[in-house]
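This report describes the fold of one protein chain.

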Amino acid sequence: MTTAAAYLNQATLKFRLSFTVGPDLEGTLQRTSGTRMVESTYYHGQPEPKGRHVNQYMHSNDPERQTINLLANMVLERLGCADDQYLNQILAQVTGGDIQLVTDKGPCHSCRDILRQFLSDFPMIGSFVVIYRKKDGRGRPIQALEDAGGDLCGCYGYQDAVEVNGNWSKTLR
């Protein structure tokens, strides 16, 4: 099911990961909301509460989720693993790294759950920072934690995000 968004949300994931052997994996991934992802997806996030939606998972096309899954795909490819089930067995080969996720809107409850899962799988990553806008495209203020509104549940962003350079910022690690 495609998330019907009244606007396009973009996410940019900048990363550098170190491995026990070989060069670092570094680069930038960009996704826009509503784009379908056909690659393997490890992280699915949280569904909307039962009975609210037919499919329950309204966030499968969120760009935050997709960039994290694309990064997991790149790690598997870099480690030469052709089968998703072996991901946890080879994660120890990732020895460190830094990640920055820049998104138009703060992550929803489902994407925040994916970020928690990812950090649990990659405990060796030293720094993970999420940055999102403090003003919308019309210059109206966006709170650090905004109600999702409409028929969606939860909130976008982080209650304890701080202002940095005119944006909201949350350091997860």
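## Terms and basis

Helices (H or I, at least four residues) and strands (E, at least two) are DSSP runs, numbered from the N terminus. The model is predicted: local features need pLDDT of at least 70, side-chain atom pairs count only at pLDDT 80 or more, and totals for chains, interfaces and linings use all residues. Residues are numbered from 1 along each chain as its sequence is written, and side-chain values use heavy atoms, with hydrogens and water left out.

## The sheet

Six strands form an open sheet of mixed pairing in the order β2-β1-β3-β4-β8-β7; two strands count as paired if DSSP finds at least two bridges between them. At the edges lie β2 (25–32) and β7 (162–164), each of which pairs on one side only. From one strand to the next the twist averages 25°, where axes are lines fitted to C-alpha atoms, for helices over the stretch in contact, and angles run from 0 to 180 degrees between N-to-C directions.

Strand β1 (residues 10–19) is antiparallel to β2, with eight bridges, and Leu 13 stands opposite Leu 29 of β2. Strands β4 and β8 are also antiparallel, joined by five bridges; Val 129 has Thr 171 in β8 as its bridge partner.

## Helices on the sheet

Helix α1 (residues 63–78) lies across β1, β2, β3 (94–103) and β4 (127–133), at about 25° to β1. Helix α3 (residues 109–121) packs on the sheet and touches β3 and β4, its direction making about 165° with that of β4. Contact here means heavy atoms within 4.5 Å.

Three bridges pair β7 with β8 in the antiparallel sense, and Val 162 has Ser 169 in β8 as its bridge partner. Asn 165 is found in the loop between β7 and β8 (167–171). Although not a glycine, Asn 165 has a positive phi of about 55°. Asn 165 is exposed, with a relative accessible area of 76%; buried means under 20%, exposed over 50% and partly exposed in between (1.4 Å probe, protein chains only).

## Nonpolar cores

A nonpolar core is a set of buried Ala, Val, Leu, Ile, Met, Phe, Trp, Tyr and Cys residues joined through side-chain atoms within 4.5 Å. The largest has 36 residues, of which Ile 99, Phe 118 and Phe 128 touch the most other members. Two or more residues come from each of β1, β2, α1, β3, α3 and β4, and α1 gives the most, with six.

Beyond its neighbours within four places in sequence, Phe 128 has contacts including Ile 68, Ile 99, Leu 115 and Phe 118. A second, separate core of five residues includes Cys 108, Cys 111, Ala 148 and Leu 152.
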